[in-house]
Amino acid sequence: MKSNIEIQRIEKSKIDSVDFNNLPFGSVYSDHMLECDFIDGEWQTPVIKPYAPISLDPAAKIFHYGQSIFEGMKAYKDADGSTMLFRPLENHKRLNKSAERLVIPAVPEDVFMEGLKKLLEVDNKWIPTNEGSSLYIRPFMFASGIGFHASPANAYKFIICTAPSGAYFSGKVKVLIEEKYARAANGGVGFAKAGGNYAAQFYPTQLAIEKGYNQVIWTDDNTHEYIEEAGAMNIFIRINDTLITSPTSDRILDGITRRSVIQIAEDMNIDVEVRKITVSEVIAAAQSGSLKEMFGAGTAAVISPIAGFGYQGSDYDLPELEAPFAGTLKKAITDIQTNQAEDPYGWRVILK
Ligand SMILES: *Cc1c(COP(=O)(O)O)cnc(C)c1O
């Protein structure tokens, strides 16, 4: 880091205007944000400043060529008031993997980790303590450098904002297996958390919503025969007692929740298969009664159970189980995240 993080404190905190018992997800923002500019080939001193709009040149390349990436993570506070993060170095690594693909400069580990820790110290009161609540953290980075020439920018901004959030409750979702559109292609940027990937998902998702579904199950762009992701989450499918998830690739994002679920499930002696899974296998399993569960996995919801799906004009319901894997796995992972269980993996990072 160029020099110590500079801190500009807000004059009057907004915290008293926030009802921590009724928090939405990701739409109330804490007092401060961290900002660090990449100019003249180097990262400048990170600054923690009051959360506020930023000013950009209309020719900034983010607006024209979409050089923009982000991460999603959470901070928790336990009963003793300790602050915890979950596998934060994995988010740093993935941010830089996304950065490389979009020709955005890598963020140094100290800017990311020290910046984040300092921000959580300054806004510590914003970390909710209610069961199921957490501080959602959004690190992101984009081209602030200018020019209408279609080439990488010469300046970038790295920002971390946080949002105290209630449980991400989606209810049991009905999903539509996609037959026409794709979120990612071979050789593309599907593995990166690049802003444009999500913009591209909105239209097919809107069509699915118009048909009465909540979300799209993405299939491979080439044949639409293989199941890949559930909205912006990785997907798990349980057939009999085997849990199946697609291998990561150019097209499938390497989710930290996905990796954690695989590890925990294996340690619970659940049979886990990381392999390609076809739509026809899922339909056959639904028809024979061996399809037990489908769920999405990602930081926001942790695990989001799927109630049923549509495909080629037919709807298929999933059974209501007494003790679904989804619930057991969600509890196991959130107990580790919130310091309510042993963490044999060393995933939890406790800040003072
Ligand atoms: C972020 C994301 C995930 C989940 O990743 P986590 O690290 O578990 O939050 C899965 N798929 C897509 C497309 C994503 O953007």
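Which polar backbone atom is 2.8 Å from an oxygen atom of the ligand? To find out, let's take a walk through this predicted model.

Stop 1: Select the ligand and Ile256. The polar backbone atom belongs to Ile256, and it lies 2.8 Å from a ligand oxygen. Next, pick Tyr198: one of its polar side-chain atoms is 2.4 Å from an oxygen atom of the ligand. On its own the ligand has 380 Å² of accessible area, and the protein covers 96% of that.

**Stop 2: the shell.** Now show the 14 residues that surround the ligand. The closest are Lys193, Tyr198, Glu229, Thr257 and Thr299. Colour the shell by class and you will find five nonpolar, five polar and four charged residues. Strand S13 (233-239) and helix H5 (256-267) each supply at least two residues of this shell.

Stop 3: The ligand takes up the space of the largest pocket, which has a volume of about 1,000 Å³. Of the 42 residues lining this pocket, select Arg138, Tyr168, Ala232, Met233 and Ala300, the closest to its centre. Elements giving two or more residues to the lining include strand S8 (134-143), strand S9 (156-165) and helix H4 (195-210).

**Stop 4: the lining.** Which element gives the largest share of the lining of the largest pocket? Highlight H4, which contributes six residues.

Key
Residues numbered from 1 in each chain as written. Predicted model: local features only at pLDDT ≥ 70, side-chain atom pairs only at ≥ 80, totals over all residues. Heavy atoms only, no water. Near = heavy atom within 4 Å. Polar contact = N/O pair within 3.5 Å; in protein donor to acceptor, adjacent residues only side chain to side chain. Areas by Shrake-Rupley, 256 points an atom, 1.4 Å probe, with all protein chains shown as cover. 1 Å grid on protein atoms, 1.4 Å probe; cavity = no way out; pocket = protein on both sides within 12 Å on 5 of 7 lines; lining within 4 Å. Sits in = over half its atoms within 2 Å of the grid points. Helix = DSSP H or I, 4+ residues; strand = E, 2+ residues; numbered from the N terminus. Nonpolar A, V, L, I, M, F, W, Y, C, P; charged D, E, K, R; others polar. Points joined across faces, edges and corners; volume = space filled by probe spheres on them.
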